[in-house]
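Please read them alongside the coordinates.

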Amino acid sequence: MASFDALWSPRIVTRVNDYDVRIAKVEGEHVWHAHDDTDEFFLVLDGELRIALREPDGGERTVELPAGAVFTVPRGAEHRPSAPGGAAILMFEPTGTATVGDRHDEVPAHVDATTGHALDL
């Protein structure tokens, strides 16, 4: 984590079969988005991550994840990660998965719309 400072710009640590293991520093809000064909796994390494989820009935709920917690966003679920105080996270998802999903709101300048960057050590 010490090798980069960019927020919402994941680094690929390694690949396992057809999946990327990505780490990222995050702070503030990401963008509402959904991954139509894949679940998205989060492990909070440091800080606290919040994941807002849009429910099928039109409501919303937020899952609060402290350091050490894990959560999987089901495929197709609209969600928006956020970390008001900053966090470090690990994600596990298929290689080539875009950080802004298949469907998303307008991407703000502080969010890197990418499929991940190589981790420079």
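1. Strand 1 (residues 11-16) and strand 9 (residues 117-118) pair in the parallel sense over two bridges, where pairing requires that DSSP find at least two bridges between the strands, and strands are DSSP runs of E with at least two residues, numbered from the N terminus. Within this pairing, Ile-12 has Ala-118 of strand 9 as its bridge partner. The model is predicted, so local features need pLDDT of at least 70 and side-chain atom pairs count only at pLDDT 80 or more, while totals for chains, interfaces and linings use all residues. Residues are numbered from 1 along each chain as its sequence is written, and side-chain values use heavy atoms, with hydrogens and water left out.

2. Strand 1 also runs antiparallel to strand 2, to which five bridges join it. The two strands form a hairpin with two residues between them, and Asn-17 in the turn has a positive phi of about 55 degrees; Val-16 is bridged to Tyr-19 of strand 2.

3. Phe-92 belongs to strand 7 and counts as partly exposed because its relative accessibility is 31% (partly exposed lies between buried, under 20%, and exposed, over 50%).

4. Leu-65 touches, among others, Val-44, Leu-49 and Phe-71, not counting residues up to four places away in sequence (contact means heavy atoms within 4.5 Å).

Conventions: Helix = DSSP H or I, 4+ residues; strand = E, 2+ residues; numbered from the N terminus. Buried < 20%, exposed > 50% of the residue type's maximum accessible area, 1.4 Å probe, protein only.
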